[in-house]
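Let's take a walk through this protein together, starting with the overall fold and ending with a few individual side chains. Have the sequence and the model open as you read.

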Amino acid sequence: MLPCIILILLLFGGSIALGVRWKINIGPVTMAIALVIGCLFMDLTLDDILQEIPLKVIFYIVSVTLFYGIAQENGTLGRLSCHVMYAMRSVPRLLPTCMFLLTAIIAYMGVGIFAGAFLAPLAFEMGSKTKVNPLLTYTCVNCGAILGSNMPQSLGGLVIQGLIAQGPYGEHATAYTWSGSILTAVICIIMVLLSHLLYRSEAPGPECFP
């Protein structure tokens, strides 16, 4: 079993390396690898493998990839990032905080945890221009998505409350949801503050101003 697991990890690691090196979509490559592993090493039929494919997740990934791929190629992301940077040119170090709040608001409005995927390309575009450490950008975007999606009135909060209500602690579902949301918010804010203390950003260059 261990050699098989190592082989699987090496194959998928190789597919990621191909995507990074030649900038190709690793989706078809990894799906082909999954088919080969399932049919040859796990004695599964093609129908069994296809039934396990999460179509909703794939549709989401493809839609986001296409949307941001077009926006990246036609320069929309670059121009939008420049406008945001220009608006905050006097306080460039607050750009990550701006992305944190923006992600939290969008997640709260119904997008949920997926807001991080929608805003991550824009955040990293701005981060590369302002020389923000990628870990700081990553922390702000992900913490914003988690905070917004776990609020009691958000989609994620309603789902969590519904799941608790179906369990043995159903009568305390509302209280537990609020407690979890508050604790999540505190942790996310602390992580963002600590990230700001550890990393610094520089002022955007004049070539980035619209």
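Read from one end of the sequence to the other, the protein chain runs α-α-α-α-α-α-α-α-α-α. That makes 10 helices and zero strands, where helices (H or I, at least four residues) and strands (E, at least two) are DSSP runs numbered from the N terminus. Before going further, please note that this is a predicted model, in which local features need pLDDT of at least 70, side-chain atom pairs count only at pLDDT 80 or more, and totals for chains, interfaces and linings use all residues. Residues are numbered from 1 along each chain as its sequence is written, and side-chain values use heavy atoms, with hydrogens and water left out.

Now for the chain as a whole. Of its 210 residues, 31% count as buried, meaning under 20% relative accessible area, with exposed being over 50% and partly exposed in between (1.4 Å probe, protein chains only). The accessible surface of the protein chain is about 13300 Å², and 73% of that belongs to carbon and sulfur atoms; these areas come from the Shrake-Rupley method with a 1.4 Å probe, and for residues only the protein chains shown count as cover. Among contacts (heavy atoms within 4.5 Å) between residues at least 6 apart in sequence, 67% join residues at least 24 apart.

Next, find helix α8, residues 134-149. At the start of α8, a side-chain oxygen of Asn133 comes to within 2.8 Å of the backbone nitrogen of Leu135. Buried residues in α8 include Leu136, Thr139, Cys140 and Cys143.

What about disulfides, taken as pairs of cysteine sulfur atoms within 2.5 Å? The count comes to zero. Cys140 is in none, as its nearest cysteine sulfur, that of Cys143, lies 7.3 Å away. Cys140 is buried, with a relative accessible area of 1%. Cys188 is in no disulfide either, with the sulfur of Cys143 nearest at 4.4 Å, and Cys188 is buried too, at 4% relative accessibility.

Finally, look at Ser195 in helix α10 (residues 173-198). Is Ser195 buried or exposed? At 9% relative accessibility, Ser195 counts as buried. The Ser195 side chain reaches the backbone oxygen of Met191 at 2.8 Å. Leaving aside neighbours within four places in sequence, Ser195 is in contact with Leu136 and Thr139, and both of these are buried residues of α8.

Key
Disulfide = S-S within 2.5 Å. Expected span 1.5 Å × (residues − 1). Polar contact = N/O pair within 3.5 Å; in protein donor to acceptor, adjacent residues only side chain to side chain.
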